[in-house]
Amino acid sequence: MIELKSYLQGKWQSGGGVPVELFDPATGRPVARTSTAGLDLVGALNYARTVGNPALRQMSFAARAELLGAVSKALREAREQLLDLSVATSGTTRSDAKFDVDGAIGTLAYYADLGAELGDRSIFVDGDAEKLARSPRFCGYHIKSALTGVALHINAFNFPAWGMAEKAACALLAGMPVISKPATSTALVAFRAMEAIVQSGALPAGAWQFIAGPVGDLVSALDSQDVLAFTGSAATARKLRTSTNVIERSVRLNVEADSINAAVLAPAVTDDSYQMFLRDTVREMTQKAGQKCTATRRLFVPADQLERVQSDLCERLAQIVIGEPSAEQTRLGPLATRAQLDEAHRQLKLLRDEGAKLVFGDPERVTLESGDAAAGCYFGPLLLRLDDPQNAQHVHQVEVFGPVATLMPYTGVEQAVALVARGGGGLVASLYSDDPAFSSAALLGLAPHHGRVFFGSAKVADVATTPGMVLPGSVHGGPGRAGGGEELGGLRGLDLYLQRTVLQGDRAVIERALGLR
Ligand code: NAP
């Protein structure tokens, strides 16, 4: 069995005490163990602040970008090993593993390119001089410079490689050192990725540390120059948000939590757009076994099209091959852990108790093409139908974190927008429409409730990405229950790690300090 280690203060270290075991969810076999008991995690925070931060902040954006390029290259070289490991130990199909690992490599490379364009500067000058007095000699320059602390990144189990890389890319380019803490259940892939990163020798000491397991109450040791970026459940987010020192020291916090994402099919769509809606829906339900924060959970279709959509979706879902992640034809593997499986059953029950009818799949009996149904954490795919979404609560609030979606009718664009908004704030909503008036009203109506609105239509059907795909050039996050946070979005993603300051005074001296003259 593999023993995971943490990379702290420049050394790989093992914790003591009773280790936590990690299991392959396809077979139930233990694959690794880890412990963080007794490790000097507070020492790691200090090491990042005193060694990593000064090293990064004196580097230019271009130099930090080079570092990201080298890390991306190291992961590219380890790609096959990471994919194999992911398939063999974490229940992901090869295609789902690529989504994670290639996402990590691509996002790091994207930020390396972005940073290279920023050149020799090490801080941002935000806009032109502001005239503040009668004489232009006294002026104000806004700048953005990296905080002097450490960025603690706490990640969810579903994207061990991408989740770690996308956060780290922004922090490192901004000039802040990182401590990554993957979810313990899938930390094996993150651990191997970190091994490749450390072996590359690309990083200055203290720039990127790694904790392979629980962090206890490390959050209470964060200070006012530190950043906490969290991805995971709303329940954990609440705990972190209300941590005394996070409140008292105004520790900067970004939360990416869960989201009851919706898709809206407009009344008037061409066949190209309709096929796109079906294709995206099935993909969003089944990719990563529906364990994506951006997966579509609610499907709103015109009331008079409900039967047709149900029948077409059922036909497509019936073609999904469920089984062992390593089998070539498998499209849908197990959920990540037995705890997640139990949780999915519990949440599903809430939807069914409220009146949602199962129209595809059987939660109690999954038909596998390969693998062991009893030993593995297999679940779905399941399609539900609810005919009265206006009078329902759970369907708009409960996230079944698996391959499950609920089909519902609507009448008119206002009602569609109002129903989607019942999700209380989402990461992404998708719209499929070829009717310009409906599209305008829906896009602008959905926007305030989401970080991203994906718009599928005949004109983009053959070139568009999918709603669940998070791209580094577009913001990722959402208001309300989605956490109220924001990541990525090109250079916007760096803002979490930067302090905006206005320097007021003698223009000549300030411009010299900023390298403008
Ligand atoms: P979780 O239980 O909240 O765990 C998330 C992370 O928080 C893990 O690394 C976990 O570590 C850590 N954690 C738990 N308690 C902590 C504490 N008291 N102090 C510090 N860290 C703590 O979430 P999950 O159930 O694994 O993740 C699934 C959820 O994440 C889903 O609801 C999904 O929608 C959401 N999600 C959101 C996004 C997004 O981008 N918005 C992306 C992916 C997932 P341990 O594993 O060691 O307990």
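**Close-up views of a predicted model**

**View 1. A loop holds Pro-381.** Pro-381 is found in the loop between strand 16 (357-360) and strand 17 (382-385); strands (E, at least two residues) and helices (H or I, at least four) are DSSP runs numbered from the N terminus. The peptide bond from Gly-380 to Pro-381 is cis, with omega near 10 degrees. Most peptide bonds are trans. This is a predicted model, in which local features need pLDDT of at least 70, side-chain atom pairs count only at pLDDT 80 or more, and totals for chains, interfaces and linings use all residues. Residues are numbered from 1 along each chain as its sequence is written, and side-chain values use heavy atoms, leaving out hydrogens and water.

**View 2. Gln-9 lies in a loop between strand 2 (6-8) and strand 3 (11-13).** Although Gln-9 is not a glycine, its phi is positive, about 50 degrees. Most residues other than glycine have a negative phi.

**View 3. The ligand is surrounded by 27 residues.** The closest are Asn-155, Thr-184, Ser-233, Thr-236 and His-476. By type, the shell has 13 nonpolar residues, 10 polar and 4 charged; Gly is counted as polar. At least three shell residues come from each of domain 1 (41-257 + 486-513) and domain 2 (261-471), with bounds from an automatic or database domain assignment.

View 4. A polar contact is a pair of N or O atoms within 3.5 Å. A side-chain N or O atom of Thr-184 is 2.5 Å from a ligand oxygen, and a polar side-chain atom of His-476 is 2.8 Å from an oxygen atom of the ligand. At Ala-257, a backbone N or O atom lies 2.9 Å from a ligand nitrogen.

Methods: Near = heavy atom within 4 Å. Polar contact = N/O pair within 3.5 Å; in protein donor to acceptor, adjacent residues only side chain to side chain.
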